[in-house]
Amino acid sequence: MSFTLPDLPYAHDALQPFMSKETLEYHHDKHHQAYVTNGNNAIKGTEFEGKSLEEIVKGSHGKNPAVFNNAGQHYNHLHFWKWMKPNGGGSLPGALEKAVIDSFGSVEKFKEDFVAAGVGQFGSGWAWLEVKGGKLAVSKTPNGESPLVNGATPILGVDVWEHSYYIDYRNRRPDYLKAFLESLVNWEYVAELYDGAKA
């Protein structure tokens with residue numbers, strides 16, 4: 001399969017003031033487009049031509065950095081745009097909230113752990129809420145890696161590469177992460193992925 005850049009599921013200015021139009025224009029239109037273009041070029045003539053995106057991400061990890069870096073970031077960003085919505089945040093849907101409380105003790109403890117993972121990721125990378133062995137866990141990964149390559153299913157991720165927040169927050173990564181959780185997350189999409197991961 002060839003990679004294509006999806007349209008954003010909202011207008012470029014729809015996430016303001018928590019994520020600016022300028023950030024989304026650079027992040028989606030330039031950075032994600034580059035992963036698509038470079039990924040398509042890297043896959044040409046390799047064993048990964050014609051495979052699904054998840055197969056490419058898992059199969060190229062540790063074997064073909066050019067393919068993996070771009071395919072991994074394409075996979076992460078396809079979800080990242082859907083993990084946000086205008087007027088996001090708020091309360092978690094019932095079954096997801098119960099699972100979060102079962103795994104972390106409270107929704108607040110999950111949020112603390114998630115922010116700590118994002119703040120603690122040195123350099124570029126991601127913080128995650130993942131399903132592994134039927135349980136929810138928070139993790140972090142460098143660069144374009146995701147829980148997919150560690151035998152888990154990501155159901156929420158936040159991009160902590162500087163291009164994701166520097167225009168709006170400068171070096172205040174903790175403020176960006178808190179704004180993401182409180183005002184941007186599309187919990188319905190997270191719940192949908194959680195249901196799929198349990199099945």
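## How the helices cross

H1 passes H3 in a left-handed crossing, a term used when the near helix is turned anticlockwise from the far one by less than a right angle, with right-handed for clockwise. The two helices pack at an angle of about 140 degrees, with their axes 8 Å apart. Axes here are lines fitted to C-alpha atoms, for helices over the stretch in contact, and angles run from 0 to 180 degrees between N-to-C directions. The angle makes H1 oblique to H3; angles under 35 degrees count as roughly parallel, over 145 as roughly antiparallel, 65 to 115 as roughly perpendicular, and the rest as oblique. On the H1 side, the residues making the contact include Leu-24, His-27, His-28 and His-32, while those from H3 include Ala-66, Asn-70, Phe-80 and Trp-81. Contact means heavy atoms within 4.5 Å. Helices (H or I, at least four residues) and strands (E, at least two) are DSSP runs, numbered from the N terminus.

H3 also meets helix H2 (residues 53–60): their axes come within 9 Å and cross at roughly 135 degrees. That makes H2 oblique to H3, and this crossing is left-handed. H2 contributes Leu-53, Glu-54, Ile-56, Val-57 and Ser-60 to the contact, and among the H3 residues involved are Val-67, Phe-68, Ala-71 and Tyr-75.

## About the model

This is a predicted model, in which local features need pLDDT of at least 70 and side-chain atom pairs count only at pLDDT 80 or more, while totals for chains, interfaces and linings use all residues. Residues are numbered from 1 along each chain as its sequence is written, and side-chain values use heavy atoms, with hydrogens and water left out.

The contact takes 20 residues from domain 1 and 27 residues from domain 2.

Which residues have the most contacts inside the largest nonpolar core? They are Phe-80, Leu-156 and Phe-180, in a core of 44 residues. A nonpolar core is a set of buried Ala, Val, Leu, Ile, Met, Phe, Trp, Tyr and Cys residues joined through side-chain atoms within 4.5 Å. Elements that each supply at least two residues include helix H3 (65–82), strand E3 (153–159) and helix H7 (173–184). A second, separate core of 13 residues includes Val-67, Ala-71, Tyr-75 and Val-149. Leaving aside neighbours within four places in sequence, Leu-156 is in contact with residues including Trp-83, Phe-110, Trp-128 and Phe-180.

## Buried residues to look for

Is Thr-23 buried or exposed? Thr-23 is buried, with a relative accessible area of 0%; buried means under 20%, exposed over 50%, and partly exposed in between (1.4 Å probe, protein chains only). Thr-23 is found in helix H1 (residues 21–43) and, not counting residues up to four places away in sequence, touches His-28, His-163, Ser-164, Ile-167 and Asp-168.

Met-19 lies in the segment before H1 and is buried, at 1% relative accessible area. Met-19 and Phe-180 are 161 residues apart in sequence and 8.7 Å apart in space, C-alpha to C-alpha. Beyond four places in sequence, the residues that Met-19 touches include Phe-80, Ser-164, Asp-168 and Tyr-176. Ala-71, in helix H3, is buried with a relative accessible area of 0%. Leaving aside neighbours within four places in sequence, Ala-71 is in contact with Phe-3, Leu-53, Ile-56 and Val-57.

## Backbone details

The peptide bond from Gln-16 to Pro-17 is cis, with omega near 5 degrees, and Pro-17 lies in the segment before H1.

Asn-87 has phi near 55 degrees, a positive value in a residue other than glycine. Asn-87 sits in the loop between H3 and H4 and is exposed, with a relative accessible area of 74%. Asn-87 and Ala-71 are 16 residues apart in sequence and 30 Å apart in space, C-alpha to C-alpha. Asn-143 has a positive phi of about 50 degrees although it is not a glycine. Asn-143 is found in the loop between strand E2 (135–142) and E3, and is partly exposed at 42% relative accessible area.
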